[in-house]
Structures are given as structure tokens and as C-alpha cells.
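Q: I have a chain open in the viewer. Please show me how to read its features, one at a time.

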Amino acid sequence: MKKKQHPGGKACQGKTENTNVKRKNPCEIGPIDAQERRQKAYHIRQKAAYLQKKLPHTDHPCNGDEDSFSNKIGNYSKGLSHNPLGVVDPKAYKAFIHALKTGKPDDFERIPLGGVVKFANPQAAYAFDLAGPDSYHLGIIAPPPFSSAWEASEMAELYWQALTRDVPFADYGTNTLTIMAASDLSAFSKFKGPKVSGVVTTDTLFRGNTPGDLIGPYISQFLWKDIPFGATTIVQRYRTTVADDDHMTSYEDWLNIQNGLSPATKNVFDSTPRYIRNGRDLGEWVHWDFTYQGLLATCLILLSFGGAALDRANPYLLSRTQGGFITFGAPHILDLVARAARTALEAAWFQKFLIHRRLRPEEFGGHVHNHLTGAASYPINTELLHSQAVSQVFNKFGTYLLPMAYPEGCPTHPAYPSGHACIAGAAVTMLKAFFDELFVIPNPVVACSNGLSLLPYSDSSLTIGGELNKLAANIALGRDTAGVHWRSDGIEGLKLGEKVAIGILQDYKSTFNEDFDGFSLTKFNGTTIKIK
């Protein structure tokens with residue numbers, strides 16, 4: 001009989017499973033000996049690598065702004081030198097692009113910075129990983145171009161998010177500013193946020209587009225409920241900043257930050273920790289969270305719900321003699337949540353630096369300001385220039401700059417896609433694979449308008465799947481509330497992270513001894529897939 005040919009490799013050497021095999025070590029037991037184990041481990045890794053190698057080439061479209069504008073106003077340049085209009089020094093930008101093209105560490109050291117702020121790890125764009133898809137195999141759509149109505153609508157949303165940072169989510173239906181924001185955004189021809197009958201409402205305002213996003217409170221239960229943390233419990237009341245703590249609204253401050261100088265202002269903090277109750281609180285939470293903090297907390301909350309919350313395909317749910325632990329138990333799930341987070345960042349950094357180099361909203365805000373004050377003339381879509389968002393910002397701050405929640409503004413890496421969104425998309429996808437998405441969350445809560453307490457919530461049932469989607473949107477779009485990202489950075493970043501997690505699960509599906517029928521989960525687009 002011929003030996004079985006392994007995809008991409010030589011015929012498998014060694015014996016099939018044989019419990020009677022003679023071993024050199026009499027203490028060793030099991031269905032295969034050391035040599036067979038070595039061969040099997042090799043072929044599992046070889047198969048995963050071969051399947052990745054077989055993937056078709058992925059196109060990486062961009063929006064064309066880098067070629068459309070010789071002065072690079074459509075691309076990220078923060079940290080380099082800029083002229084008084086905030087337009088990047090062409091020599092500095094050329095050196096930046098040269099380093100990205102060569103990938104040589106010495107070329108990155110030769111980039112002439114404009115101030116003291118360094119770029120955030122551009123060489124991570126070239127990193128390889130040993131599990132899951134390679135960054136180059138994963139694609140996302142091109143972001144909206146600089147002059148498009150789509151870009152205009154996203155900038156208008158950011159202006160409104162800045163203007164309404166201090167409005168409690170619970171008050172969106174009655175607050176004058178949020179009512180005005182919903183009306184204004186409804187007028188944009190290409191706005192892609194959620195709507196009801198084609199109209200943005202205060203119930204859909206600033207929310208995500210995935211199943212569950214529009215059900216219940218704005219904030220996910222996983223950002224409010226207590227976190228079981230070993231021998232203690234973490235109450236999710238966090239440090240936040242005071243009302244009207246907005247930054248980079250003067251042109252001098254804005255230009256200094258674009259040149260990479262240290263901020264001249266600092267955040268002013270509230271003396272009382274609060275549950276997340278408005279955009280300012282959410283923006284501050286995603287200012288200081290570590291990479292997968294919210295997803296780790298969510299995993300711990302989900303594990304506290306017990307076996308009833310686990311996915312029905314878990315092979316240990318019906319076992320009479322065993323429980324899951326290293327496989328299909330808490331260590332397994334916790335590990336994959338963390339593992340997916342870093343791999344998702346690698347995929348994000350590839351897109352950020354080597355494909356898109358999309359400008360940040362604060363950079364775009366400077367161009368809006370210079371255009372409307374007559375200092376320059378740029379092809380900014382008129383839907384934005386004639387919007388209530390722009391006039392409201394100018395009436396309050398005296399400039400057309402985007403008011404930022406952070407004194408330093410955005411991080412020093414390009415906008416598209418959002419790293420927070422990629423992490424959230426990947427980790428949430430992992431959690432969907434291990435937990436029952438239809439499980440109804442017990443004892444749901446909602447924060448009161450001052451953020452000092454949680455109240456019972458009973459208006460609708462909230463499921464694990466819906467609240468995981470909402471958590472992903474909160475983390476992704478919470479960065480928009482602070483002014484550092486665009487809506488499409490978050491929405492497309494979630495999808496990229498989802499692809500990363502699915503690829504990792506595919507690589508690991510052959511590593512289990514249990515009778516396991518495969519992972520099932522609902523994607524952000526609402527379709528259900530099975531990985532087996």
C-alpha cells in the first residue's frame with residue numbers, strides 16, 4: 001500500500017498509531033512513540049505553512065491620494081517638518097518613503113524628524129509570524145479619497161463627536177447637539193454609519209454597523225460589568241478627564257504637534273472615577289488601555305458565566321469524565337485572545353505604512369482651517385464645508401481645527417486601519433468561536449448620566465454575540481470620539497482583525513486530540529462560518 005502523500009511535502013515517514021510499539025523509555029506510554037510524534041508535529045506545521053503558501057495573491061488597493069497631490073496633503077506626515085501651512089517638507093517625506101521602500105534599519109535612522117516625537121515602530125510592517133495568515137495575504141478596501149463626499153461625511157462625524165463628548169449616551173435622544181448632529185449627518189450623500197429608513201437618528205448616532213450594535217445601551221456590557229480577576233474583582237470605574245478638556249484648537253498648537261513637538265497643554269483629570277457614560281470617558285479609556293485590555297476583561301467575564309455560556313461544540317460539555325483546561329478551557333481561550341491581538345497589529349502596521357499612509361483627522365482639520373480662512377485652496381468636498389458641523393466648531397472654538405481629546409493628538413503612525421479596531425476584531429472573533437453567541441447576558445446594566453452608578457437594564461435581551469460586536473465597535477469608534485481615527489479606520493480594521501483570527505483558528509484546527517467538529521461563529525457582516 002502506498003504511503004499517504006502530504007500536501008506540499010514528502011510522503012509521511014514512520015508508522016501509523018500503534019499502542020503495542022516497543023519504546024526505548026519504558027516509562028513512556030501513548031498511542032505513538034517519540035519518532036512518530038516528531039513526524040506528526042512536523043507535518044502539522046508543514047500543512048499549515050503549505051496552506052498559507054497556496055493562498056492566492058491579495059490585491060492591496062489604495063485611494064490614490066499620494067499620487068494625486070504632489071504636496072502630500074492627503075497622506076500622513078505627522079512628526080516630519082512642515083511649512084507654516086502644515087504641508088510636509090518634500091525632502092523629509094521622500095526620506096520617509098525611501099526607508100519604507102527599502103526596509104533597511106539604517107534608512108529609518110536617517111529620516112529627518114521635525115521635533116522630538118518618534119515614529120511608532122514602522123519596521124513592524126515587515127514582521128513575520130508563525131501562526132495565522134501573513135500580513136501580505138490579507139487585504140482591505142481602499143479608504144475614502146481626500147476630496148470625496150465619503151471623506152467629508154467622516155470628518156463631519158468627527159466634528160460632531162468632538163462637540164458632543166460631554167453629552168451622556170443616555171441623553172442622546174433629548175440633547176440639542178446630538179439631535180442636530182443626527183440631522184446634519186443625514187444630509188451627507190455618502191455617510192456610511194447606521195441609519196433607520198435612510199436617516200441617522202439619535203439611536204444610531206456614532207454606533208457601529210454590526211449585528212447587535214443598535215440593541216440596548218451604547219456601551220457594551222463588557223465595559224460596565226465587574227471583572228472577576230483571580231482572587232479579587234475589578235469594578236469598571238475609570239479615571240476620566242473633566243468636561244471641555246479639549247486640545248489643539250489653536251493653530252500654533254496644531255502646527256507644533258504636526259512638527260513633532262511636545263504638547264504645550266495637559267489633560268485635566270476628574271477627581272472621581274466613573275463608569276463610562278459619555279464620549280469623553282470612552283475616549284479616555286481607549287487612551288490608556290493596553291493592547292487587549294478590554295478583550296481580556298471580557299474573556300474573564302464570559303468565563304464567569306460558566307459552562308452554559310460556552311459554545312455548544314465544545315467537546316467537554318458532554319463529557320462524563322473530563323473538563324476542558326489546556327485545550328477548550330480558560331488557558332486556551334485566554335492565550336488565543338492575546339495571541340490574536342499582536343498578530344492583528346502586524347496586519348494593521350503592514351497596511352498603515354506599506355499601503356495606505358492615510359492622513360489623520362487632525363491633519364485634515366488643519367487643511368480645512370487653512371482652506372476656509374483663505375490661507376490655502378484645497379479640493380475639500382463642499383458637503384463638509386457647508387455643513388453645520390464646521391460652523392458649530394468654529395462658533396465654539398474660533399478655528400476650524402478638529403478639537404482633540406488628547407494634548408498630543410494622534411499617535412505617530414498612519415490612520416488606516418485602526419490598530420485598536422484590528423485587535424478588537426481579532427479578539428472578539430476568538431471569543432465568538434469559544435462562547436455561545438446566543439447566550440443571554442444575565443443581569444444587564446446601564447450607567448447613570450453622571451457615571452457614578454450602574455442601574456438595572458431591562459428594555460431588551462442582550463446576547464453574547466451582540467454585546468461582543470458592540471464592544472468591538474466601542475473600542476474601534478471610541479478612538480474616533482477622541483479625534484484620532486476615522487469611521488472607516490475602525491469598521492475596516494474590525495474586518496481585518498476578524499480575518500487574522502479566522503486564519504489562526506484554521507492553523508490550529510489540526511492540533512487537537514479531542515473529537516471536535518470545528519469552530520462556528522458569526523462574522524461582522526452577519527454571515528455564519530464554520531472552521532473545521
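Q: Let's start with Lys72. Is Lys72 buried or exposed, or in between?
A: Buried means under 20% relative accessible area, exposed means over 50%, and partly exposed lies in between (1.4 Å probe, protein chains only). Lys72 has a relative accessible area of 21%, so Lys72 is partly exposed. Lys72 sits in the loop between α2 (65–68) and α3 (90–102). Its phi is positive, about 65°, although Lys72 is not a glycine.

Q: What kind of model is this, and how are residues numbered?
A: The model is predicted; local features need pLDDT of at least 70, side-chain atom pairs count only at pLDDT 80 or more, and totals for chains, interfaces and linings use all residues. Numbering runs from 1 along each chain as its sequence is written, and side-chain values use heavy atoms, leaving out hydrogens and water.

Q: Which other residue has a positive phi without being a glycine?
A: Arg357 does, at about 50°. Arg357 lies in the loop between α10 and α11 (361–372). With a relative accessible area of 11%, Arg357 is buried.

Q: How many helices and strands does the chain have?
A: Both are DSSP runs, numbered from the N terminus: helices are H or I with at least four residues, strands are E with at least two. The chain has 16 helices and six strands.

Q: How do I check the length of helix α9?
A: The expected span is 1.5 Å times one less than the number of residues. Helix α9 (residues 293–304) has twelve residues, so α9 should span 16 Å; the end C-alpha atoms are 17 Å apart, which agrees. Gly306 follows α9, with a positive phi near 85°.

Q: What do the buried residues of α9 pack against?
A: Contact means heavy atoms within 4.5 Å. The buried residues of α9 include Leu295, Cys299 and Ile301. The partners of the buried set are β1 (227–229), α8 (279–288), α10 (330–356), α14 (419–434) and α15 (464–482).

Q: What does Thr481 touch?
A: Thr481 lies in helix α15. Leaving out residues up to four places away in sequence, Thr481 touches Gln161, Arg165, Gly279 and Arg280. Thr481 is buried, with a relative accessible area of 6%.

Q: Where is the cis peptide bond that involves Pro417?
A: Look at the bond from Tyr416 to Pro417, where omega is near -5°. Pro417 is in the loop between α13 (388–397) and α14.

Q: What share of the chain is buried?
A: Buried residues make up 55% of the 532 residues.
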